[in-house]
Amino acid sequence: MTDNAPDRSAAPTQRPAKRRFAGTHTQIRSALTFYKITSYITGIMLLLLCAEMVLRYGFNLFLFAGATNTLTGETFALGLAQAEPSVIEGMNLSIAVLVAHGWLYVLYLIADFRLWSLMRWPFTRLVLIALGGVIPFLSFIMERRVHREVEQELTAHPEAAKRY
């Protein structure tokens, strides 16, 4: 045969796999910032919730604001007291912490879902990140890990920056 024919026995050159994001780098960085903020807020609220649970179930104490102690007649701006029979008026801040953490966790899940869908990660990653708002201190650990991984993937795949 001729020497001009290409050699088909040689292995084809491997190109790195192209990463396909569901958004632009700007959209992903925006989602990452939103996730970071909600992660820290949810982590702090979860720690407050844990402290509130220890006070409530360990010592039968609630945190009140602007209440009056019926046993002593003393009014206080902010303080711990036994439950219903000994305190009137005021706001039960223990309940407020419960409600606030619940709604902030929903916001955290929205941020988690947004970042997960833009990065096109597997479903198990969504569940793992969602656990950050339920297990104390895990939201801080997961935020660092997720932030590092997103930045590494965006740096490794600059070709995915333009979508439109």
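## A phenylalanine and its surroundings

Phenylalanine 34 is partly exposed, with a relative accessible area of 26%; here buried means under 20% relative accessible area, exposed over 50%, and partly exposed in between, using a 1.4 Å probe and protein chains only. This is a predicted model, where local features need pLDDT of at least 70 and side-chain atom pairs count only at pLDDT 80 or more, while totals for chains, interfaces and linings use all residues. Residues are numbered from 1 along each chain as its sequence is written, and side-chain values use heavy atoms, leaving out hydrogens and water.

Phenylalanine 34 sits in helix H1; helices (H or I, at least four residues) and strands (E, at least two) are DSSP runs, numbered from the N terminus. Leaving aside residues up to four places away in sequence, phenylalanine 34 touches Leu107, Ile110, Ala111 and Arg114, where contact means heavy atoms within 4.5 Å. The C-alpha atoms of phenylalanine 34 and arginine 114 are 9.1 Å apart, although 80 residues separate the two along the chain.

## Helix H2

Helix H2 covers residues 93-119, and at 1.5 Å a residue its 27 residues should span 39 Å, which agrees with the 38 Å between its end C-alpha atoms; the expected span is 1.5 Å times one less than the number of residues. Just after H2, arginine 120 adopts a positive phi of about 55 degrees. The buried residues of H2 include Val97, His101, Tyr105, Ala111 and Trp116. Several elements take part in covering the buried residues of H2:

| Element | Residues |
|---|---|
| Helix H1 | 25-59 |
| Strand E1 | 62-69 |
| Strand E4 | 91-92 |
| Helix H3 | 123-130 |
| Helix H4 | 138-156 |

## H1 against H4

The axes of H1 and H4 come within 9 Å and cross at roughly 170 degrees; axes are lines fitted to C-alpha atoms, for helices over the stretch in contact, with angles from 0 to 180 degrees between N-to-C directions. That makes H1 roughly antiparallel to H4, a label for angles over 145 degrees. Among the residues making this contact are Ile28, Leu32 and Tyr35 of H1 and Phe140, Met142 and Val146 of H4.

## The whole chain

The chain has four helices and four strands, in the order α-β-β-β-β-α-α-α along the sequence. Of its 164 residues, 35% count as buried.

Conventions: Angles under 35 degrees count as roughly parallel, over 145 as roughly antiparallel, 65 to 115 as roughly perpendicular and the rest as oblique.
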